[in-house]
Amino acid sequence: MRALFARLAGVAALAGTLMASTGTAEAQEIQITGPLAGKPPVMDLRRYREGRFELAPTVSFTFLDEYRRTIFLGGRLQYNIKDWIGIGVWGAYGVGSITTDLTDQIDQKAKPRGSPLTSSNVTPGSFGDQVGKLEWIAAPQITLVPFRGKLAIFQKIFVDTDAYIHGGVAFVGLKERGDCGGGGGQPGCTEARSFDLASRTAIAPTFGLGLSFYMNKLMSLGFEYRAFPFSWNRGGFDSRGTGNNGEFPDDKVNSEDRTFKFNQMITIALGFHFPTSPKIR
């Protein structure tokens with residue numbers, strides 16, 4: 001019996017020794033030696049944004065429009081404080097627009113324009129002449145870059161790429177049907193001149209996301225989504241102003257007839273970066 005206890009005590013002592021040595025090994029720091037000793041996790045990383053200005057001509061296209069789509073030409077000027085944050089301004093001017101199929105359908109089916117419904121809501125000329133227009137946009141903004149890496153194309157071509165988000169304030173110049181039917185020198189809403197468009201400036205939040213593909217040290221190609229929601233009278237209709245919660249026509253066209261729209265566009269940008277060579281870490 002004494003011999004059995006002695007053997008058990010020996011086994012327990014051996015197990016304790018092994019456990020202590022294992023715990024010591026797990027707690028030890030792995031020391032890197034050789035050419036990688038003291039090196040950063042990433043070497044020769046090109047910082048395409050940090051400390052550089054970007055000048056980028058842009059072309060933009062609105063989409064999901066009810067009555068009119070607009071094409072914008074513009075540009076972006078941005079300074080990148082760090083590789084992950086930049087400040088700048090984007091602006092564009094509407095150089096062309098096309099009416100949608102809905103506009104064409106309304107223009108055809110609202111004829112003849114003699115009923116009380118159409119006489120104050122559809123111009124005696126072409127309905128396309130009274131629908132709202134986006135004319136220009138200017139947006140100071142901040143850009144954040146949370147992701148970057150390389151994009152592989154057919155496992156043959158590798159392109160440095162980053163994904164970014166942006167946000168700011170948009171100043172939007174637009175035209176919409178002017179006020180009518182309210183007296184004080186305003187025309188009646190059935191008069192031809194009441195369908196003329198009036199200019200105004202709207203202020204709205206703007207935000208979105210994008211991708212930049214760095215073709216070389218100087219140039220990049222970008223694709224960007226942008227939203228700038230605000231209320232405006234896109235069709236030029238008398239649709240609100242009286243009744244429960246003001247949701248019925250009141251024979252007037254004014255600011256009460258503006259409705260919320262989640263305006264959206266897609267932008268293509270060709271960026272030029274200065275200085276012409278990025279920093280390398």
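User: Is Lys-261 buried or exposed?
Analyst: Lys-261 is buried, because its relative accessible area is 11% and the cut-off for buried is under 20%. Please note that the model is predicted.

User: Which residue does Lys-261 form a salt bridge with?
Analyst: The partner of Lys-261 is Glu-66, and their closest N and O atoms are 3.7 Å apart. Glu-66 sits in the loop between strand 2 and strand 3, while Lys-261 belongs to strand 12 (residues 259-261), so the bridge ties together parts that are 195 residues apart in sequence. Glu-66 counts as partly exposed, at 26% relative accessibility.

User: How many salt bridges are there in the whole structure?
Analyst: The search finds 14 salt bridges. One of them joins Glu-50 to Lys-279, with 3.9 Å between the closest N and O atoms. This pair also links distant parts of the chain: Glu-50 is in the loop between strand 1 (46-47) and strand 2, and Lys-279 is in strand 14 (residues 279-280), 229 residues apart.

User: And Glu-50, is that one buried or exposed?
Analyst: Glu-50 counts as buried, at 13% relative accessibility.

User: Which residues are linked in a network of salt bridges?
Analyst: Glu-54, Arg-76, Glu-224 and Arg-226 are linked in such a network. Glu-191 is partly exposed, with a relative accessible area of 34%.

User: Stepping back, how many helices and strands does the protein have?
Analyst: The protein has 3 helices and 14 strands. It consists of 281 residues, of which 35% count as buried. Among contacts between residues at least 6 apart in sequence, 69% join residues at least 24 apart.

User: What about the largest nonpolar core: which residues touch the most other members?
Analyst: That core holds 15 residues, and Leu-134, Ile-137, Val-172, Leu-174, Phe-228 and Phe-230 touch the most other members. The elements that give two or more residues to this core are strand 4 (85-99), strand 5 (133-153), strand 6 (157-177), strand 7 (197-214) and strand 9 (230-232). There is also a second, separate core of 5 residues, which includes Tyr-67, Ala-110, Val-122 and Val-131.

User: What does Leu-174 touch, leaving out residues up to four places away?
Analyst: Leu-174 touches Lys-133, Leu-134, Glu-135, Ala-198, Ser-199, Arg-200, Ala-202, Phe-230 and Trp-232.

User: Where is Phe-72?
Analyst: Phe-72 is in strand 3. Its relative accessible area is 0%, so Phe-72 is buried. Beyond its neighbours within four places in sequence, Phe-72 has contacts that include Thr-58, Tyr-93, Leu-134, Trp-136 and Met-265.

User: How far apart are Phe-72 and Leu-134?
Analyst: Phe-72 and Leu-134 are 62 residues apart in sequence, and their C-alpha atoms are 9.3 Å apart in space.

User: Now the aromatic rings. How many aromatic pairs does the structure hold?
Analyst: The structure holds 10 aromatic pairs. In one of them, Phe-63 and Tyr-225 are tilted, at 6.3 Å centre to centre and 55° between the planes. Phe-63 is in strand 2 (residues 52-63) and Tyr-225 is in strand 8 (residues 219-227), 162 residues apart. Phe-63 is partly exposed at 26% relative accessibility, and Tyr-225 is partly exposed at 23%.

User: Why is the pair of Phe-213 and Phe-223 edge-to-face?
Analyst: Their planes stand at 70°, with ring centres 6.1 Å apart, so the pair is edge-to-face; the cut-off is over 60 degrees. Phe-213 lies in strand 7 and Phe-223 in strand 8. Phe-213 counts as buried at 17% relative accessibility, whereas Phe-223 counts as partly exposed at 38%.

User: Which residues do ring pairs link into a cluster?
Analyst: Ring pairs link Tyr-67, Phe-127 and Phe-237 into a cluster.

User: Turning to the surface, which residues form the nonpolar patch?
Analyst: The members include Phe-61, Tyr-93, Trp-136, Phe-171, Phe-223 and Ile-268, and the whole patch has about 970 Å² of accessible area. Strand 3 (68-82), strand 4 and strand 6 each supply at least two of its residues. Phe-171, for example, is found in strand 6 and counts as partly exposed at 33% relative accessibility.

Technical notes: Residues numbered from 1 in each chain as written. Predicted model: local features only at pLDDT ≥ 70, side-chain atom pairs only at ≥ 80, totals over all residues. Heavy atoms only, no water. Core = buried A, V, L, I, M, F, W, Y, C linked by side-chain atoms within 4.5 Å. Buried < 20%, exposed > 50% of the residue type's maximum accessible area, 1.4 Å probe, protein only. Helix = DSSP H or I, 4+ residues; strand = E, 2+ residues; numbered from the N terminus. Contact = heavy atoms within 4.5 Å. Patch = residues over 30% accessible without salt bridge, like charges linked within 9 Å, V, L, I, M, F, W, Y side chains within 5 Å. Areas by Shrake-Rupley, 256 points an atom, 1.4 Å probe, with all protein chains shown as cover. Salt bridge = Lys/Arg side-chain N within 4 Å of Asp/Glu carboxyl O. Phe/Tyr/Trp six-rings, centres within 6.5 Å; stacked < 30°, edge-to-face > 60°.
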